[in-house]
Amino acid sequence: MDETAPLPERLARDAERRRELASFLRTRRERLTPEDVGLPPGYRRRTPGLRREEVAQLSGVGVTWYTWLEQGRPINASAQVLEAVTRTLRLDESERTHLFTLAGVPDHTTRAVEICEPAVREVVDALDPLPAQLVNARYDIVAWNRTQAALMGDYSTLPARYRNIMWLLFTQPTWRELLVDQQDVAYVVARFRANMAEHIGEPAWVELVDELCAVSPAFVELWERHDVAAGNSRVKRYLHPEVGSIRLVTTGLHLSDRPGVRLIVGTPADDESGVALAAAAELGPWQVDWVLPEPGVVREPAVAEPAPVVA
């Protein structure tokens, strides 16, 4: 929900979401029979499917509470309770995600899905000669094309755990030399914090923040501001060591079936940048001398100043 919208509008949207939740639960309940869930068939059922009290019993929740949930009343539901209802109603993965979304509850237990299937990789590759990369909500880089590697460095030479824009942003001197503008760093941290609101307590997110706090005072300073930001198209300036200045308009496109995953594409902001970008692509993947921590050792930052943002 857009928290900047007027209060009456937000309340109306919330009420509509609860009504949708109520209808969804009712239709899922009515499609099941007692035999489907191991109950005797019974008699004198005036409506199809399970009764509300049966769903409540099988889910381990109170009948009144479940009734209110199915009536669309403004009550709070925990992830554990929704998980129990998911099992009782035999929801598949898409239905489960829909249930958690309608209930306004972050789903931290959903099984990981492959976010870079071959068809998606083909799209990223097909965007050449424009630089393109696929990132998830935590800014892990999961796919990139040849021009992206020519512009920002060959990610394939990095261990997978370090293919993360946040980590590269605050630990790699090469990126500080490549990227011109410093002010955008606060923007990417603010976007990361906004994304993290839906992943509070998840180990991978906590580990990344803890590591950045340990190696980068600049990250700590920005993190403690608690700033948040929404996504928008921005002009980024690069100073490539071989071809010189490149100005790109970066645009993030969300994948509808992959929550949190964005396709980030750069387009030349002017003719000169288009020529320079083509020259960089012609050189092939840029073999960056990545600075990696020693095994088992938290690496200290090379300098205290932050690097500018990539996406």
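Me: Which helices do the buried residues of α1 pack against in this model?
Reply: The model is a predicted one, and in it helix α1 covers residues 7-30. Among the residues of α1 that are buried are D14, A15, R18 and L21. The buried residues of this helix pack against α2 (52-59), α3 (63-70), α4 (79-88) and α5 (93-103).

Me: How far apart are the end C-alpha atoms of helix α1, at 24 residues?
Reply: At 1.5 Å a residue, the 24 residues of α1 should span 34 Å.

Me: At what angle do α4 and α5 pack?
Reply: In the contact of these two helices, A79, L82, E83, V85 and T86 of α4 meet R96, L99, F100 and A103 of α5, and the residues of this contact divide into 6 nonpolar, 1 polar and 2 charged. The crossing in which α4 passes α5 is right-handed. The axes lie 10 Å apart, and the packing angle is about 140 degrees.

Me: Which strands stand at the edges of the open sheet?
Reply: The sheet is formed by 5 strands in the order β2-β1-β5-β4-β3, with antiparallel pairing. A strand at an edge has a single partner strand, so one side of it is left without a neighbour in the sheet. Those standing at the edges are β2 (141-144) and β3 (234-240).

Me: Which residue in β5 is the bridge partner of L134?
Reply: Strands β1 and β5 run antiparallel and are joined by 4 bridges, while β1 is also joined to β2 by 3 bridges, again in an antiparallel arrangement. Towards β2, V135 stands opposite I141. Towards β5, the bridge partner of L134 is L263.

Me: Which residue takes a positive phi in the hairpin of β1 and β2?
Reply: This hairpin has 5 residues between its strands. The positive phi, near 70 degrees, is taken by Y139.

Me: Which strands does helix α13 lie across?
Reply: Two of the strands concerned, β4 (residues 244-254) and β5 (residues 262-268), pair in the antiparallel sense over 7 bridges, and H254 has R262 of β5 as its bridge partner. Helix α13 (residues 271-283) runs at about 90 degrees to β4. The strands it lies across are β3, β4 and β5.

Note on methods. Residues numbered from 1 in each chain as written. Predicted model: local features only at pLDDT ≥ 70, side-chain atom pairs only at ≥ 80, totals over all residues. Heavy atoms only, no water. Expected span 1.5 Å × (residues − 1). Buried < 20%, exposed > 50% of the residue type's maximum accessible area, 1.4 Å probe, protein only. Contact = heavy atoms within 4.5 Å. Axes fitted to C-alpha atoms, helices over the stretch in contact; angles between N-to-C directions. Left-handed = near helix turned anticlockwise from the far one by under 90°. Nonpolar A, V, L, I, M, F, W, Y, C, P; charged D, E, K, R; others polar. Pairing = 2+ DSSP bridges.
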